[in-house]
Amino acid sequence: MPSSDFPSPYPLTPNTLRMNLRQRIKEVMASELMLEVSVDEIADDAPLFGPNGIGLDSVDALQLVVAIEKHFKLKISDQTKAREILHSVDSIAQAIEEAGLA
């Protein structure tokens, strides 16, 4: 019997997919940027840069752009758009979703 005949204990609802994408983004950030905070400490809507954020700097921004392209296939080439996209985990996830890459 094909596995599709069995109901998943974790149905993939739009909300589950949304949460999974944000979790994956946080995990990529933690591993690629060697963050001093845990994945669980990164709020989806928290700023990534500045005093109220998780403390990323310009070097981290470049590494994050490369990591996003590597893991999610999203190319960020415009500096103005990069500022908007890299604002938070939510804004990164939104850009990935809008590009149809999620």
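Tutor: The largest pocket holds about 270 Å³ of space, a volume being the space filled by probe spheres set on grid points joined across faces, edges and corners. A pocket here is an open set of points on a 1 Å grid over the protein atoms alone, where a 1.4 Å probe fits, with protein on both sides within 12 Å along at least five of seven lines; lining residues have an atom within 4 Å of a point. This is a predicted model, where local features need pLDDT of at least 70 and side-chain atom pairs pLDDT 80 or more, while totals for chains, interfaces and linings use all residues. Residues are numbered from 1 along each chain, and side-chain values use heavy atoms, without hydrogens and water.

The lining consists of F49, S58, A61, L62, V65, I76, Q79, A82, R83 and L86. By type, seven are nonpolar, two polar and one charged; Ala, Val, Leu, Ile, Met, Phe, Trp, Tyr, Cys and Pro count as nonpolar, Asp, Glu, Lys and Arg as charged, and the others, Gly among them, as polar. Helices are DSSP runs (H or I, at least four residues), numbered from the N terminus.

Now to α2 itself. At the N-terminal end, D57 caps α2, with a side-chain oxygen 3.1 Å from the backbone nitrogen of V59. Just after the helix, K73 takes a positive phi of about 65 degrees.

Key. Polar contact = N/O pair within 3.5 Å; in protein donor to acceptor, adjacent residues only side chain to side chain. Helix = DSSP H or I, 4+ residues; strand = E, 2+ residues; numbered from the N terminus.
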